[in-house]
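Dear colleague,

I am handing over the structure that we spoke about, and below it you will find my notes on what turned up in it. Please read them with the structure open beside you.

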Amino acid sequence: MCGIVGYVGRRAAPGLLIEGLKRLEYRGYDSAGIAMSNGHGLETRKAKGKISTLESLVNGNPIHGSVGIAHTRWATHGAPNECNAHPHTDCTNTIAVVHNGIIENFGALRTMLQKQGHTFKSETDTEVLAHLIEAALDGDDPLEDAVIDALNLVQGTYGIAVISSRDPDKIVCARKGSPLLIGLGEGEFYVASDVAAILQHTRQVVYLDDGEMGILTPQGYEVLDLNARRIKKGVSRIDWSLDEIEKGGFDHFMLKEIFEQPQTIQNTMRGRLVIEEGFSKLGGLNLSKEDLQSLDQIIITACGTSWHSGLIGELYIEENARIQTETEYASEFRYRNPIVSDKSLCVVISQSGETADTLAAMREAKRRGAKTLGLVNVVGSTIAREDDGGIYLHAGPEIGVASTKAFTSQVIALALFTLKLARLRNMSVVKGREIAEAMLALPDQIQSILDHAGDVEAIADRFKDATNFLYLGRGYNFPVALEGALKLKEISYIHAEGYPAAEMKHGPIALIDEEMPVVFVAPHDAVFEKVVSNIQEVKARGGKVICITSQRESVLEGMIDHEIRVPQTIDMLYPILTVIPLQLLAYYIAVKRGLNVDQPRNLAKSVTVE
Ligand code: AGP
């Protein structure tokens, strides 16, 4: 969602903070701002639009100081404009606040503060924080005391960073429900909502937990709870390299991440496959053999692309381990009355590990007695820290808003988990070995698809002006159809629907005419013959058929307009191959439409609000 970065030290902060914001821009980007405390009061610059607009503003009208906070916004309350951009200040310009999250009782607090004489400049929920802190500032009391008083009145979620001209060498930050970490340097300290913002300066970080507050000065940092009691925190080391969060010669992060997949899925598998035994080693599950054998239900919960990988995981587990499994939207799961017991396992899938709905669903499952297992990419993220056990994806930072490499790594992690579970229950070693060997071949197979990306680009050129797309698949490839449609929607703004191929005749078939491109995900698997009938139905109505298949099929001759081949694998692993051309198709169509694929409109990389 939004991004926060702050700095205290001896260096000039503005350039450093703007650099940090650029690395966070993928989280949200409708406006941005920066505030500095420099011994002469607070100075603020804000701009609507991208960080580059803020940068030009600061270059034209410089701002000075070595203590500052900055923010890139993705609007929740109030239109995306300069006035609503963070940082927000109080009536006397003594306090500046940046905030991620939502203050749920901001209406009541705003009314109360207005009655006390406070004047509001923006429509945001965040501004109440600046005024609450202003109201709580008492004599020479330190800033943190006023922040504690203010936060005790607030309902909702927050990751905040605050500076004050009365305490000019200090940043106070606090977290409840929105990620925040402190970066440790030599005589300098950082606060950030995401490690990407500070990775070029430090790899030593302290993650704040909910209900914790950090106080940063050039002399050091401390962490307190909201009763001002000191908390001892461990320091974590971040292993991601700076290269990993840069574009590495590709035009866009999304393309770079698509092309990284041979390597990233290898990283997900590394050291975990035991070929001879057709088994997998997963150190972090925190589930004994007996636990795994006695499970009677698995709930998979996630959002968006991660939910699509969950649908594939459900098929894996039911087919191979014979455990009843349901995949649920996290946003729905948390608000119903699901059946969960202490024999349930809740598998939580999230690239970021910070998605608010997914985190809340995990907490709900825990509350109801389930064990939780997180499939998470971002090390140290909230889901990774709160789950009972986990499988890290090791896909490296995913910056493109459209998730690509996280999806294939999630499916691999689900296949690894299935292998372990199924082999402990009912799967033969021969079957386990067949799956493990097929998994090992996947990186080269993905590479061979990427080597022919130009063929997909040519198809993109042909269909870049389409206004609708239909994606159809069956079995393991139905979730791939959903994922292909989601990719196209989010970056090209073309309306697209994913559907089970055979369901088409129950309604969507009415949409088909000569203008409708229909993408069939039809590798040669157990349901291939069935999908052929569905292709015939589309062709008979004049639809334009783009078919992702796995081998030359004479039966398809004359029925398809464009063919994209993927290598052959076992049925369950086809999604890892068939999704690649769909990622490329969405990418090339968006580029040919002149759109910003890494920063599609209205979207944020991780959705940390409900
Ligand atoms: C995918 O391309 C999306 N941008 C989005 O659906 C995403 O997968 C979803 O918000 C879940 O994010 P997470 O995996 O970080 O929890």
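Phenylalanine 417 touches Leu282, Leu285, Leu292, Ile298, Ile317, Leu345, Val347, Leu373 and Ile391, leaving aside residues up to four places away in sequence, where a contact means heavy atoms within 4.5 Å. Please keep in mind that this is a predicted model, in which local features need pLDDT of at least 70 and side-chain atom pairs count only at pLDDT 80 or more, whereas totals for chains, interfaces and linings use all residues. Residues are numbered from 1 along each chain as its sequence is written, and side-chain values use heavy atoms, with hydrogens and water left out.

Phe417 is also one of the residues that touch the most other members of the largest nonpolar core, which has 93 residues. A nonpolar core here is a set of buried Ala, Val, Leu, Ile, Met, Phe, Trp, Tyr and Cys residues joined through side-chain atoms within 4.5 Å, and buried means under 20% relative accessible area, exposed over 50%, and partly exposed in between (1.4 Å probe, protein chains only). Helix H18 (residues 574-592) gives the most to this core, with 13 residues; helices (H or I, at least four residues) and strands (E, at least two) are DSSP runs, numbered from the N terminus. Because domain 2 (250-440) and domain 3 (443-596) both give residues to this core, it lies between them, the domain bounds coming from an automatic or database domain assignment.

Turning to the strands, seven of them form an open sheet in the order S5-S6-S7-S8-S12-S13-S14, with antiparallel pairing; two strands pair if DSSP finds at least two bridges between them. The edge strands, S5 (88-89) and S14 (230-231), each pair on one side only. Strand S6 (residues 95-100) is joined to strand S7 (residues 158-164) by six bridges, and histidine 99 stands opposite isoleucine 160 in S7.

Lastly, there are 31 salt bridges, each being a side-chain nitrogen of Lys or Arg within 4 Å of a carboxyl oxygen of Asp or Glu. In one of them the side chains of lysine 233 and glutamate 212 meet at 2.8 Å, N to O, and this pair links distant parts of the chain, 21 residues apart. Lysine 233 counts as partly exposed because its relative accessibility is 21%, whereas glutamate 212, at 8%, counts as buried.

With best wishes
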